[in-house]
Structures are given as structure tokens and as C-alpha cells.
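Hi everyone, thanks for coming along. Let me put the structure up, and then I'll walk you through a few places in it.

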Amino acid sequence: LVRELLHEGQALSIGVSAESGHGGQWLARIRQLIKEGSVPDVSLVPVGISYDSVTNVKFGSKSVMQWLLSLLWTKPATSVMIHLAQPFSLKEMCESGRCRVDEWLPLQDLLLPVVLNNRADSVFGRRRMSWLLPTFPSATELEEKSHSDRDLSVAIILHLIFSAASCTAVMSTSVVSSLLLYKHSKGVSTSVLCRDVAWLLEELLFRNRDVGFGGTLQEIIHYSLSLLAPDLIIAALPSGKDTVIVPRPSVASILHLSLLAQKVTHTFILEVVGACAVSAMLCEVVLSSVSSRLRTDGVKGEEVRGDMEFDVVLSQSELTEKALQLCHLLPPGIMPPCQSTQCFALDAVDSLVHCGILIMEE
């Protein structure tokens, strides 16, 4: 039936999930049809969906479009945006070698030398994610595929997830959620929140990320807080001129805010990995009880504690290696699928140099 539909030029909707691996089986079956010559080629169109709030809705027998229409109908104040990324040929993607399938290793092989502190046995490669294409309950021809074919199918799935996540717009609730979680977890006044929203919006647009909202700054803040109200504690100051917003300290609220904030985190993923690498190396400096001035060749970062400011010079190679180790812990679809982890780690360190957090030294 799938073969006949594709022959007629019909469009098929396949939902690819990074958490469960659903959709990968259908994509593998379509690849098998192209490999057998039953279907000449298929164009894949990555589709991303942006929303203002996460709802606990089970699809059941509803399609994605029916769910979106019901969501818009029952919640007129909620915005949902559908984004179509650049289509690409599935046959060309497989034959051109754009999807990297070499040096995919299990996570334990990549991180075990780090855990055992054995740098001599450090290995490089990408984390194997074969679970994105789970085995089928019944014996089919797809179960007998070689590891290279299976890895290629996983690489295409990662490409789809990354393309869909990259094209989606950042919603206003995502901006507010990320600020409340990662910058003002102990609370913030509305005036400071307005200032930070304007700053973060400028940073997002500077990185060529689309946003799915408009209006004045006050309207954006009011709209976001009204949708996030169940996950927030809003209290008035004694002066009565301003209010304080605090994330509600419950697992459900923190999970909802973190899901919305993922769009912002995805935009700043290079800075996130680089900052975590610097933080890890600074922790090692403190734990090894070295002096506040550590001199080696590399990259210099500034650390401020209280009234004391001092410089810590970090080795660029060690910092890149630390970023490389952190890359293996990222969820699927965050890293560019056609880029090596070494290049991604170098870009993570360079992003902190461009931001002025690190200063290059000869």
C-alpha cells in the first residue's frame, strides 16, 4: 500500500520521535523500497511544530492535523505554528554520503576512559543511537539488514529531527521560561523580566532564529505570564509598583517550563556546551587545590568571586576534549548530523571566544 501511494505521488506523514524511536520503522521501509527499485525516489520535508504551551493530550486515533485544529479551537489564545524545512531527496542523501555513519561507538566506549581517568585510551567518534530504530516484533526483512544500513537509517532520522528543530520558531513562553529557569530561578520583578526578554530576543534574532510572536514588550510579557500562570507564583511587592514572578517549585511545573525552554537551549547549544566545559575545568582546578593563578598555554577565562577577580588560563586542547566528552551526552537532534563531534567541540570553544568569555593567548 505504501509503495502504491508513493507511485501515485501521494504525501505520507511520518512522526519521528527522538524519545521513543517511532517513525523510524516506516522510514526504513521506504528506504528499502528505494533500494529495491520499487520506488525511484522520495522527497522528505522536515516539519516542525512550535507551540506556546505543552498539553497532556493523547492522540489516540486523531491525526496530527486534527489535534492541532482541536487545540486551536478549544484554546483560541494559544498560538501554534507549523514550519516546513528545506526538502531533500532521500535517494541522494543515501548515495551522496552526506549522513556520516563511520566511527559510531557505544556510549560506554566513548566515556569509559574518561571515568577511569585514562587519557591514553581516549577514543573519538559519534555516539551510536541504534535505539532510534527499534527492532520489529515480527520477523521481517528489515531485521536482517546490515549494521551500515541501520546506521544510515538512524543518520537520516537524526537529520530529520535536527532540521525540524532548527526551523521551528521560538515562542514567547519559551523565552520567558528559559529566563525564569536558568537566570531567575529565585524570582524576578516584572521590570527586570521585561529588560531580559528584550535582551534575549535580540540575541535570538542575532543568531538568525525565527520568533513566533509580535507586539509590544508589555503585551508579550502579559501574554506569556497568562499562559504560564499555573506554573508560576506571582506576588505583589509592598510598594505596589511591581510584582515578583517565581517558578512554582513542583516537578510538573519545572518539567513544563524546561520543555518550553528547549527551543532557546537549542539556539545556544554551542555556548551551553562550552560553558559547561569551562565550568568542569574550573571545578577540577578547585578540587586539585591549585593556586588562583594557573599558568599554561591556552585560553584564558575570567573568574569573579566576591570582591576578588583573578585569571585562570586553560589549555585549549583540554578544553576542547572536555567539550567533546559533553557532546556525547546531548540528546538526539541537537548536534548537526553531518558534522563531526570534533568540529562541534571546536565550535563550542570558539563561541565563548566570540562572546568575550574566553580570551585567546599565545
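Let's begin with an open sheet of three strands, ordered S7-S9-S8, with antiparallel pairing. Its edge strands are S7 (188–189) and S8 (232–236), each of which pairs on one side only. Before I go on, a word on the source: this is a predicted model, where local features need pLDDT of at least 70, side-chain atom pairs count only at pLDDT 80 or more, and totals for chains, interfaces and linings use all residues. Residues are numbered from 1 along each chain as its sequence is written, and side-chain values use heavy atoms, with hydrogens and water left out.

For the terms: helices (H or I, at least four residues) and strands (E, at least two) are DSSP runs, numbered from the N terminus. Two strands pair if DSSP finds at least two bridges between them.

Valine 188 stands opposite isoleucine 245 in S9, and serine 189 has valine 244 as its bridge partner.

Next, helix H10, residues 251–267. The expected span of a helix is 1.5 Å times one less than its number of residues. For the 17 residues of H10 that should give 24 Å, and the end C-alpha atoms are 25 Å apart, which agrees. H10 also has a kink of about 40 degrees, centred on alanine 261; the bend at a residue is the angle between axes fitted to the seven residues ending there and the seven starting there.

Alanine 261 is also one of the buried residues of H10, which include Leu257, Leu260 and Val264. Buried means under 20% relative accessible area, exposed over 50%, and partly exposed in between (1.4 Å probe, protein chains only).

Now a loop: threonine 168 sits between helix H6 (147–167) and helix H7 (172–182). Is threonine 168 buried or exposed? With a relative accessible area of 1%, threonine 168 is buried. Threonine 168 is 44 residues from glycine 212 in sequence, yet their C-alpha atoms are 8.8 Å apart in space.

Last stop, leucine 84, found in strand S3 (residues 80–84). At 62% relative accessibility, leucine 84 counts as exposed.

That's my tour, so over to you for questions!
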